[in-house]
Amino acid sequence: MMQAAPSTPGFRMIRTLGAIAMLSGLLVVLVFRWTEPIIAENQRIAIEKAVFQVVPGATRRVDVVLGADGIALATDAAGEGETVYAAFDEQGKLKGIALAAGAQGYQDVVKLLYGYDPACSCIRGIKILKMTETPGLGDKIAFDPGFLRNFEALSAVVNASGDGLTNPIEAVKHGHKQFAWEVDAISGATISSVAVANALNRSMQRMAPLIQRHRDALGEVVR
Amino acid sequence: MQGESLGFIFLNAAVVNNFVLALFLGICPFLGVSAKKETAWNMGLATLFVMLVSSVSAYGINWLLTELDLMFLRLICYIAVIASAVQLVEMFIKKFSPSLFRSLGIFLPLITTNCAILGLALFQTAKEYDFLQSVVYALGAGVGFTLALLLMSGLREKLELAEVPAVSQGAAMSLMLAGLLSLAFMGFAGLGGSHG
Amino acid sequence: MATLRHQQEKLGLDTFLRGLWEENPVFVMLLGMCPVLAVTNSTMNAIAMGLATTFVLVASSGLISLLRNLIPKQVRIASYIVIIATFVTVVDYAIQAISLDLYNALGAFIQLIVANCVILGRAEAYASKQRLHTTLVNSLGMGAGFTVALLALGTVREVLGNGTLLGFQVMPANFEPWVVMILPPGGFFVLGSWLLLFAYIRQRQDQRVLEKGGVSDAR
């Protein structure tokens with residue numbers, strides 16, 4: 001860089017700041033362009049892994065926007081609605097829908113992904129995506145085998161009028177589970193367990209009727 | 001998350017996830033200016049004020065950068081705008097309220113490098129709060145910061161009168177105290193559990 | 001030792017070692033405490049954070065040292081902040097590309113490296129006055145000192161709080177983890193204990209010097 005002959009201090013300041021800003025902008029854009037595809041690929045793998053975990057038997061996924069006025073492919077990005085992941089097996093048969101949900105837990109928001117199987121009207125699996133529950137107590141919601149067994153076939157049947165669930169998904173005290181729509185809470189981590197049940201209930205009340213209404217269309221999106 | 005009530009956001013930022021004692025943001029001023037209640041109070045107020053200003057500006061920048069599709073410049077813009085916002089606020093106060101400037105003045109430049117301010121901007125972006133939620137979140141964070149600072153300074157003033165081994169004086173003792181305070185604040189967790 | 005030398009420092013072993021012990025950013029200068037406390041609940045996070053900070057420190061100090069005669073005094077802080085923020089953005093994207101799990105574990109604290117006073121302090125007190133090669137070595141030493149401090153906390157907290165080290169079980173099976181160690185209070189307690197230990201060592205050294213009849217220059 002050459003020193004311009006006579007320059008006022010103000011000009012020098014602006015020139016230096018401008019040059020530094022341009023340099024940094026260039027560097028950031030270069031790195032962004034270079035890492036963008038890698039990051040997108042990492043995110044795709046992470047989502048896929050989670051989706052196939054909550055929908056047993058699935059090997060393919062299609063992102064769908066599901067709203068009150070029907071379904072659209074997420075790539076078309078039209079219409080209002082929530083993005084869900086339709087999961088299919090090798091033969092192209094709809095195995096389930098993976099949805100994201102969240103609710104306030106003990107420390108902060110618990111975010112999770114769960115798989116809903118429209119054929120049996122039940123939840124097939126959950127995976128906790130983000131939480132800051134107490135280690136040793138609340139964080140058991142992510143891996144406690146007894147708790148996760150709740151979600152192998154958690155009933156979520158749409159009611160007759162088609163605007164919600166017949167029986168809301170509820171957490172009950174540890175060892176008091178009687179019905180297929182109840183979640184057996186972990187003893188010592190009731191609030192965290194309730195958070196999971198709340199998240200599922202709130203999401204399902206809204207989405208289950210939509211999924212059932214557009215079930216045939218969802219089965220077709222793979223083609 | 002959408003749909004969090006404003007009261008809950010405030011409570012969450014002020015005590016459940018207190019910026020200093022649970023998220024470890026703004027530790028430097030927390031240890032540095034908590035020796036006296038008077039200074040702690042002023043520092044707390046100055047921080048609260050700057051938090052509100054930077055929360056609003058961060059909301060604006062985020063909106064602008066999203067419109068322009070320039071998300072990768074977010075961090076650089078945040079820090080630059082927060083730093084200049086603090087400068088502007090300082091000049092403004094100096095001109096219109098010299099008495100306020102005398103009590104807050106020396107703390108304002110210190111706050112620019114306070115990670116609680118930048119943290120606030122980043123968290124409100126990550127949580128996708130709308131405008132009103134962001135402001136309430138900033139208010140809660142500032143109140144929580146002031147609360148932590150006041151509690152700490154109260155403890156430290158009492159400790160001046162106690163005889164402690166020479167080796168444990170200073171930063172080590174302050175950190176142990178902060179640990180105890182943090183332990184106490186963990187009791188606030190679960191406040192939001194009944195919600196929703 | 002703490003005098004600001006405006007003359008150029010000669011490159012020596014001390015240029016590097018100072019950051020590790022004598023002027024350790026965390027244990028001695030008490031700078032950059034936020035990430036030290038926040039991300040040290042596991043050893044892996046501590047290593048990643050230490051490396052990321054070291055990279056930003058070395059890269060930004062190097063660039064500032066190169067540009068030190070071109071940046072006018074009045075806008076130097078603004079220039080430093082922009083340069084540092086640039087390198088932090090670079091690291092932010094690099095970590096996302098390397099591992100999303102790691103990125104999620106560190107959360108916002110990667111971006112908060114910008115507000116780490118160690119880096120701005122180095123830029124102001126050293127890089128803006130010294131030549132490139134001494135600056136690089138010095139900031140590498142500071143980065144190493146910072147990483148060591150993070151590790152000192154991370155290992156203790158993971159072993160006591162979870163019974164593991166880098167994810168491997170190291171404590172006997174009947175060991176009941178001290179969960180508090182990986183919770184926020186544990187960070188304060190462990191850092192406080194380390195500072196206590198160092199204060200004790202320094203006190204012993206001072207005493208020994210006094211006993212030998214020498215003049216202690218400490219404090």
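Confidence first. pLDDT is the predictor's confidence in each residue, on a scale from 0 to 100. I need that because this is a predicted model. For chain A the average pLDDT is 84, and 94% of the residues score at least 70.

Next, the rings. I found 14 aromatic pairs over all chains. I picked F32(A) and F72(B) to start: their ring centres are 4.5 Å apart and their planes meet at 35 degrees, so I wrote the pair down as tilted. Planes under 30 degrees apart would count as stacked, and over 60 as edge-to-face.

Where do F32(A) and F72(B) sit? This pair crosses between chains. F32(A) belongs to helix α1 (residues 9–54) of chain A, while F72(B) lies in the loop between α3 (37–68) and α4 (74–96) of chain B. Buried or exposed, F32(A) and F72(B)? Both F32(A) and F72(B) are buried.

Then I went to F147(A) and F151(A). Their ring centres are 5.3 Å apart with planes at 80 degrees, so I noted this pair as edge-to-face. I looked up burial here too, where the cut-off is under 20% relative accessible area. F147(A) has 1%, so it is buried. F151(A) is at 0% and counts as buried as well.

Last stop, chain B. Which residues form one aromatic cluster? I have F19(B), F123(B), Y129(B) and Y137(B) on my list for that.

Definitions and conventions. Residues numbered from 1 in each chain as written. Chains lettered and ligands numbered in written order. Predicted model: local features only at pLDDT ≥ 70, side-chain atom pairs only at ≥ 80, totals over all residues. Heavy atoms only, no water. Phe/Tyr/Trp six-rings, centres within 6.5 Å; stacked < 30°, edge-to-face > 60°. Helix = DSSP H or I, 4+ residues; strand = E, 2+ residues; numbered from the N terminus. Buried < 20%, exposed > 50% of the residue type's maximum accessible area, 1.4 Å probe, protein only.
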